[in-house]
Amino acid sequence: LIEVLKGRCKNLQNVMLEVALLNHVNDSPEDALEMANVAQGIIKAVDNPTMKLMVNLIPYNDTGGGIKYTKPSKERVLQYQEVLWKRGIYAHVRETRGDDESAACGQLATRKRKEREVLL
């Protein structure tokens with residue numbers, strides 16, 4: 001990853017890391033601190049003062065498929081974001097839309113697959 005970033009055209013300055021947050025799996029302040037260390041390590045290793053690194057925080061969407069993971073609380077997500085900010089890493093929380101209609105990212109595909117399985 002570092003070598004690819006070093007070799008990029010200087011006009012391609014933005015780097016985005018995406019993190020899917022799972023309730024009580026990887027959403028603690030300690031996990032956020034580890035992510036901040038990873039992000040800072042990338043910034044230091046690439047050594048491009050014009051590079052901007054952003055972390056996109058994606059709370060897990062529960063698709064109801066019997067998977068044991070759940071969505072973290074908004075409070076835990078915001079705490080994670082705050083840890084990154086305090087370490088100088090810009091972090092954005094992706095807002096979920098369509099949760100109440102099971103239409104959030106990935107949920108429509110899951111529902112359609114289940115409907116096909118019932119028809120077979």
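**Close-up views of the predicted model**

**View 1. Y80 and its surroundings in the nonpolar core.** Leaving aside residues up to four places away in sequence, Y80 touches V19, L21, N26, D27, S28, D31, A32, M35 and L57. The model shown here is predicted. Y80 is among the residues with the most contacts inside the largest nonpolar core, together with L53, V55, L57 and L84. This core has 22 residues. At least two core residues come from each of strand 1 (14–21), helix 2 (29–46), strand 2 (52–59), helix 3 (74–86) and strand 3 (90–93). The greatest contribution is that of helix 2, with six residues. In soluble globular proteins, nonpolar side chains tend to be buried together.

**View 2. Strand 2 and the pairing of N56.** Strand 2 is largely enclosed by the rest of the structure, because seven of its eight residues are buried. Strands 1 and 2 run parallel and are joined by eight bridges. N56 is located in strand 2, where E18 stands opposite this residue. With a relative accessibility of 5%, N56 falls under the 20% limit and therefore counts as buried. The contacts of N56, residues up to four places away in sequence not being counted, are M16, L17, E18, V19, H92 and R94.

**View 3. The salt bridge between R94 and E18.** The side chains of R94 and E18 meet in a salt bridge, with an N to O distance of 3.5 Å. The pair links distant parts of the chain: E18 belongs to strand 1, whereas R94 lies in the loop between strand 3 and helix 4 (107–119), 76 residues apart. R94 is partly exposed, its relative accessible area being 33%. E18 is also partly exposed, at 47% relative accessibility.

**View 4. The salt bridge between D27 and R76.** An N to O distance of 2.7 Å separates the side chains of D27 and R76, which form a salt bridge. D27 lies in the loop between strand 1 and helix 2 and R76 in helix 3, so the pair ties together parts that are 49 residues apart in sequence. Both D27 and R76 are buried. D27 is also among the residues touched by Y80.

**View 5. The salt bridge between K86 and E82 within helix 3.** The closest N and O atoms of K86 and E82 are 3.1 Å apart. Both residues lie in helix 3, four residues apart, or about one turn of the helix. K86 counts as exposed, at 66% relative accessibility, whereas E82 is partly exposed at 38%. The count of salt bridges comes to three.

**View 6. A nonpolar surface patch.** V25, I67 and Y69 make a nonpolar surface patch of about 250 Å². I67 is placed in the loop between strand 2 and helix 3. At 45% relative accessibility, I67 counts as partly exposed.

**View 7. N37 and R87 in space.** The C-alpha atoms of N37 and R87 are 8.6 Å apart, while the two residues are 50 residues apart in sequence. N37 belongs to helix 2 and is partly exposed, with 41% relative accessible area.

**View 8. The whole protein, for orientation.** Four helices and three strands make up the secondary structure, and from the N terminus on the elements run α-β-α-β-α-β-α. Of the 120 residues, 32% count as buried. Among contacts between residues at least 6 apart in sequence, 73% join residues at least 24 apart. The accessible surface comes to about 8,100 Å², of which 55% belongs to carbon and sulfur atoms.

Definitions and conventions:
Residues are numbered from 1 along each chain as its sequence is written. This is a predicted model: local features need pLDDT of at least 70, side-chain atom pairs count only at pLDDT 80 or more; totals for chains, interfaces and linings use all residues. Side-chain values use heavy atoms; hydrogens and water are left out. A nonpolar core is a set of buried Ala, Val, Leu, Ile, Met, Phe, Trp, Tyr and Cys residues joined through side-chain atoms within 4.5 Å. Buried means under 20% relative accessible area, exposed over 50%, partly exposed in between (1.4 Å probe, protein chains only). Contact means heavy atoms within 4.5 Å. Patches are made of residues with over 30% relative accessible area and no salt bridge: like charges are joined within 9 Å, nonpolar side chains (Val, Leu, Ile, Met, Phe, Trp, Tyr) within 5 Å. Accessible areas come from the Shrake-Rupley method with a 1.4 Å probe; for residues, only the protein chains shown count as cover. A salt bridge is a side-chain nitrogen of Lys or Arg within 4 Å of a carboxyl oxygen of Asp or Glu. Two strands pair if DSSP finds at least two bridges between them.
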